[in-house]
Amino acid sequence: TLNYLPLAIGTRVREKDLYTVPLLRILQDDLKIPIVRAYETVEASPADPDIAQRLGISVLHPVMHMKRVMYTTKDRPFELVETYYRADKYHYSVNLVRVKRQGKWTWRTEVETSE
């Protein structure tokens, strides 16, 4: 997982805390950043040499690449998270439930992930 933060936020995170506390908790609880939503994209991609080495797979082996943009108040993006998963060890499932909204049928999604 790679996390990208604006310098003004990243410099406030103590490196030693990252070994014991999830970054999301640090941002929310310690730095008091209101996290209101996120937008996530998952796609298949070939592993580059760095990702392949870190995941213990061959270069160009397929991986699941997840990108998440986190937003704070006033719909301001403040963090980009990129995570790479071995395609042979992880799955991403979406449960679709039919619901009627304003007289029209649509889908409500429920996402499940597992390793």
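**Figure 1. Lining of the second largest pocket in a predicted model.** The second largest pocket is lined by T1, L2, D50, I51, R54, L55, T83, Y84 and Y85. Here, a pocket is an open set of points on a 1 Å grid over the protein atoms alone, where a 1.4 Å probe fits and protein lies on both sides within 12 Å along at least five of seven lines; lining residues have an atom within 4 Å of a point. Helix α3 (49-55) and strand β4 each give two or more residues to this lining, and α3 provides the largest share, four residues. Helices (H or I, at least four residues) and strands (E, at least two) are DSSP runs numbered from the N terminus. About 160 Å³ of space lies in this pocket, a volume being the space filled by probe spheres set on grid points joined across faces, edges and corners.

**Figure 2. The largest pocket.** This pocket holds about 420 Å³ of space. Among its 21 lining residues, T1, N3, R68, V81 and T83 lie nearest the centre. At least two lining residues come from each of α2 (23-30), β2 (37-46), β3 (62-72), β4 (76-86) and β6 (104-114).

**Figure 3. Strand residue V94.** V94 belongs to strand β5. With a relative accessible area of 43%, V94 is partly exposed, a class between buried (under 20%) and exposed (over 50%), for a 1.4 Å probe and protein chains only.

**Notes.** Residues are numbered from 1 along each chain as its sequence is written, and side-chain values use heavy atoms, without hydrogens and water. In this predicted model, local features need pLDDT of at least 70 and side-chain atom pairs count only at pLDDT 80 or more, whereas totals for chains, interfaces and linings use all residues.
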